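Subject: Handing over the two-chain model

Dear colleague,

Please find below the structure that I am passing on to you. My notes on what was found in it follow directly after.

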Amino acid sequence: MLTPPTDSRKALRRLLIIIAISVGFLIYSYGWTITDIDLAKPQEPSRQEGVTRALQELLSPNLFDQDTETDIFGAEFRIGCETGDLPAVASAEAGQPMLTLEPACGEPGDRVFFSINGLPVNSRSGLRWVTASGEGRPRDVFETREASRGRNQFVIRSDGSFSGYVEIPRIVGTSGEVHRLELGVVVPIGSPYPSPTLSEVIRRMIETIFMALMATTISIPISVGISFFAAYNLMRPIKMQLGSAMLWLAVVPFGYLLGAWLLTEVMRFTFNIGSFHAFNATPAVISLGVLVGVTAATRATSLQPDTGLARLRQIATRLAAMVVVAAVIGLVGGFGIAGHDGLGDLASRIEPQGNLLSGILNSVGRMIGILGGIVELATPMIAGVIAALMLPGLVNELAKPILRTVTGAVDHAIGAVLGGISGAFAMGAVAAVAMGAALLGLLPVLVGALLGRAAVTGIVNHFFPPPPVFLVTHTGRMVRSLVSLAGALISGYATFRILSVGRTLIDGTLPPVENGSLLGLVTLPTYVLTAMTIGLVLGGVAGGFSGVRGSFAIGDLLYGFTRNILNALRSIEPLIMALIFVVWVGIGPFAGVLALTLHSIASLGKLYSEQIETIDNGPIEALQSTGANHLQTVIYAVVPQIVPPYIAFTMYRWDINVRMSTIIGFVGGGGIGLLLNQYINLLRYNDAGVAVLAIALVVSVLDYLSAAIRERYT
Amino acid sequence: MLIIENLTKIYDNGFKALDNINLEIPDGQFVSIIGLSGSGKSTLLRCINRLIRPTHGRIIWNDTDITAANEEDVRAIRRRIGMIFQQFNLVKRSSVITNVLQGRLGYTNPLFSFLNYFPRSDRDEALANLERVGIKEQAYKRASALSGGQQQRVGIARALMQRPELMLADEPVASLDPATSHSVMKYLEILNSEDGITVLCSLHFLSLARTYSDRVIALKDGKLMFDGGPQEIDNARFKQIYGEDAVEVQIN
């Protein structure tokens with residue numbers, strides 16, 4: 001029953017609101033102090049002058065240059081009027097400007113009137129006083145009508161005349177000497193041409209746009225793949241039998257090792273075929289046999305899934321698919337190397353050297369060569385990952401009939417074994433990572449806590465089986481989650497103590513690398529072995545009590561894992577990432593591309609997955625009802641729906657990447673930012689202005705383009 | 001023969017959508033399921049192909065216990081149960097023929113699906129099924145370019161690709177105008193009479209149920225209110241199913 005609030009409660013609530021607002025106000029006002037907001041500083045004359053100059057130069061970008069020559073007009077002058085004659089006035093050629101002084105003699109400190117006519121309009125000019133010894137110094141002009149530009153520089157007005165007063169310099173002991181006043185007029189010759197700054201800025205701008213393009217294109221396939229795992233509507237329904245999940249974890253390391261061992265051979269072999277290198281024929285025969293096997297196995301498209309033969313065929317198909325995938329990747333990589341060699345060879349034969357066509361051939365060759373090189377470098381890893389992904393599925397296929405039918409003690413025994421093995425592997429893997437850095441030491445603690453929670457939950461559910469979902473009371477749920485939380489905390493703390501993570505965190509001592517041996521079979525660091533023992537115990541308890549027949553929300557787990565990693569990556573600005581990559585690959589655009597790629601993967605992964613979450617779920621339901629499996633549902637019901645938004649978001653990301661790559665150079669990431677940073681540090685604001693102008697232009701053009709393209713696809 | 005025993009579905013939020021339903025549907029019947037919105041019609045249909053997992057009870061179809069089947073068996077069972085939907089649930093950006101071929105996915109090797117490959121025989125069958133529902137000439141248009149009635153016929157063709165023995169129709173005409181409604185219902189009737197496919201069809205309009213079905217089942221608040229011939233529903237029964245204030249609307 002809802003009762004209307006009493007007056008006193010109302011008053012209390014209002015008081016609380018007022019207090020909250022006041023506290024909020026105080027906190028906000030502190031912001032004005034901590035950020036140094038200050039009215040005095042912008043008013044200081046020196047700062048105003050500085051900013052005016054900087055802005056003036058920024059807005060006077062050094063876009064064009066023009067060659068010039070300087071015409072010098074001179075007039076002689078004697079220091080001291082009392083001795084000797086006045087210097088003779090040089091007679092000018094007809095129609096030429098002539099500089100006249102009035103008077104032509106005087107004492108140091110006097111002001112002398114000068115004038116000249118017929119100068120080129122709007123040209124720059126300056127005055128120099130040249131002594132008898134030939135030493136010249138610039139002079140300022142008083143009472144002139146000409147526009148002053150900069151120090152001691154003047155712009156000739158539209159009537160071509162220049163006149164004013166100049167002060168005779170006070171130089172001791174010059175009385176009686178004849179000096180000269182010289183007027184230099186800078187006259188442009190030839191037509192204006194783009195300044196070296198402009199060419200450099202254009203070159204860097206092209207580099208910048210390509211940096212953004214590379215980062216975007218490289219990140220697309222990766223983030224498309226990831227986005228499916230980060231989409232809640234796709235992942236939530238994916239459940240696995242608990243036994244299968246544990247079996248999966250237990251088999252993955254073996255799959256990786258086996259794959260790295262066997263499939264590497266296959267990949268090396270096809271790689272050599274692709275790159276026209278020598279190869280031995282034995283793997284060829286085996287691969288051919290496998291290929292024939294695959295074709296035979298996939299010939300019949302209508303399978304009756306319940307027969308033993310069909311199951312066998314399915315296993316054979318999967319094995320073959322695994323080999324084929326590895327072989328194809330190897331072959332493509334090999335083609336890359338061959339293409340690189342071939343195109344390079346072709347380019348070197350084209351005459352003349354260094355023309356456009358050979359340039360194109362070389363850059364295409366370089367691209368596919370690098371892609372092939374990636375395959376060559378990562379062959380064992382790719383092979384391992386392929387097998388690690390597919391082998392557990394196979395083992396599961398074989399173990400399914402057993403896992404599904406076991407009951408009672410056998411169920412729990414298998415659970416304990418599988419749980420122990422998978423727990424040990426999980427802890428072993430994170431412990432190996434944890435040996436790298438102090439903060440990573442928290443990973444085993446986290447996994448230990450999760451395993452401990454699973455163990456406690458398993459025990460609780462074993463002795464107090466949970467009621468059906470709709471009968472769960474609020475209290476019941478609370479008690480259960482509190483107990484689980486306690487289990488997590490206890491086991492997490494125990495892991496923390498046993499692995500002495502505290503030491504690592506406080507003084508940065510990494511775990512010792514001394515080795516121990518596991519039953520005399522494998523040698524591993526004792527730290528990893530300890531962690532694996534913890535995993536074995538906790539996983540064994542968890543698996544033993546829960547058995548293998550329950551359902552495990554593997555989709556939820558993968559979703560949470562992917563989302564958290566994406567969010568963490570996204571929260572690190574590309575500029576910070578670039579700092580690390582600059583250390584790794586050196587200053588230049590490659591570092592910027594890597595940083596932008598990493599950030600784009602996180603960002604696009606999130607945007608893409610949100611698009612998947614908003615699709616119409618009707619087609620998914622329809623395809624499920626036809627008996628399509630999960631993968632088929634994604635291919636036919638999800639993919640067609642997400643193509644337009646994916647294109648739109650990719651354009652948007654490219655747009656962002658162009659903006660980002662204009663400044664990523666500030667930390668050494670290459671592109672125009674690097675140049676802009678240099679200009680600013682050298683106080684060359686005229687040149688910086690060119691870079692700023694280019695950035696503004698390119699960003700707004702791309703902004704418009706990407707908006708136009710996005711509009712077509714949304 | 002489809003046997004439903006003590007079927008109960010309680011959703012996680014505690015809502016009881018189905019309450020102890022017992023039914024026996026012989027092969028080849030055209031059964032209409034009527035009832036108000038929220039009376040459990042959709043839940044019942046979705047329990048039969050296990051899009052929804054029932055809380056209690058069993059569904060046995062041709063001696064297979066659908067409720068006890070594992071994931072893989074469920075897919076094998078679903079292949080033989082066609083389903084059409086109120087919102088048609090077509091992939092709107094894909095072509096009509098692709099939508100129809102998708103009915104064949106349960107029989108297709110998943111590896112082929114990566115390449116969007118269907119055997120020649122499947123393509124021929126898809127065209128034949130489109131011809132059957134009278135829209136063969138639309139085969140290469142986008143699904144979104146078709147009218148509502150045509151889209152629902154694509155849905156029927158898609159279900160036909162499964163070569164179903166049982167057809168579930170969840171409010172197939174609720175988004176269509178009266179004339180198109182009849183045309184869609186007629187196709188369902190033809191499937192029932194010519195191919196001997198058992199049809200379970202949930203409907204809003206009693207008049208449609210009367211015209212097309214051999215048998216009418218009425219649900220109210222998840223309970224079975226009525227099970228009998230279409231002519232047995234008189235005014236009293238009608239008010240029992242739809243509530244005192246309801247007035248029967250004819251759709252022609």
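Arg50(B) sits in the loop that runs between helix H1 (41–48) and strand S4 (56–61) of chain B, where helices (H or I, at least four residues) and strands (E, at least two) are DSSP runs numbered from the N terminus. Please keep in mind that this is a predicted model, in which local features need pLDDT of at least 70 and side-chain atom pairs count only at pLDDT 80 or more, while totals for chains, interfaces and linings use all residues. Residues are numbered from 1 along each chain as its sequence is written, chains are lettered from A and ligands numbered from 1 in the order in which they are written, and side-chain values use heavy atoms, with hydrogens and water left out.

With a relative accessibility of 8%, Arg50(B) counts as buried (buried means under 20% relative accessible area, exposed over 50%, and partly exposed in between, with a 1.4 Å probe and protein chains only). Leaving aside neighbours within four places in sequence, Arg50(B) is in contact, meaning heavy atoms within 4.5 Å, with Ile66(B), Thr67(B), Ala68(B), Ala69(B), Val74(B) and Arg78(B). A polar atom of the Arg50(B) side chain lies 3.0 Å from the backbone oxygen of Ile66(B).

**An arginine in chain A**

Arg139(A) belongs to strand S7 (residues 136–139) of chain A and is buried, with a relative accessible area of 15%. Its side chain reaches the backbone oxygen of Glu167(A) at 3.1 Å, and the side chains of Glu167(A) and Arg139(A) also meet in a salt bridge (3.9 Å, N to O), a term that stands for a side-chain nitrogen of Lys or Arg within 4 Å of a carboxyl oxygen of Asp or Glu. Because Glu167(A) lies in strand S11 (residues 162–167) and Arg139(A) in strand S7 of chain A, the pair ties together parts that are 28 residues apart in sequence.

**Other salt bridges**

Over all chains, the structure holds 30 salt bridges. One of them joins the side chains of Glu200(A) and Arg203(A) (3.5 Å, N to O), which are three residues apart in helix H3 (residues 196–229) of chain A and so are separated by about one helical turn. Glu200(A), at 25% relative accessibility, counts as partly exposed, and Arg203(A) is partly exposed with a relative accessible area of 49%. Salt bridges that share partners join Glu200(A), Arg203(A), Arg204(A) and Glu207(A) into one network.

**Where the chains meet**

The contact between the chains takes 35 residues from chain A and 43 residues from chain B. Together they bury about 3,300 Å², 57% of it on carbon and sulfur atoms, where buried area is the accessible area (1.4 Å probe) that two parts lose on being put together, summed over both. One salt bridge is found across this interface: Glu621(A) pairs with Arg46(B), and the closest N and O atoms are 2.5 Å apart.

**Nonpolar cores**

A nonpolar core is a set of buried Ala, Val, Leu, Ile, Met, Phe, Trp, Tyr and Cys residues joined through side-chain atoms within 4.5 Å. The largest has 67 residues, and those with the most contacts inside it are Val638(A), Ile34(B), Ile156(B), Met185(B) and Leu188(B). The largest share of this core, seven residues, comes from H18(A). A second, separate core of 29 residues includes Leu18(B), Leu23(B), Leu45(B) and Ile48(B).

With best wishes

Key:
Polar contact = N/O pair within 3.5 Å; in protein donor to acceptor, adjacent residues only side chain to side chain.
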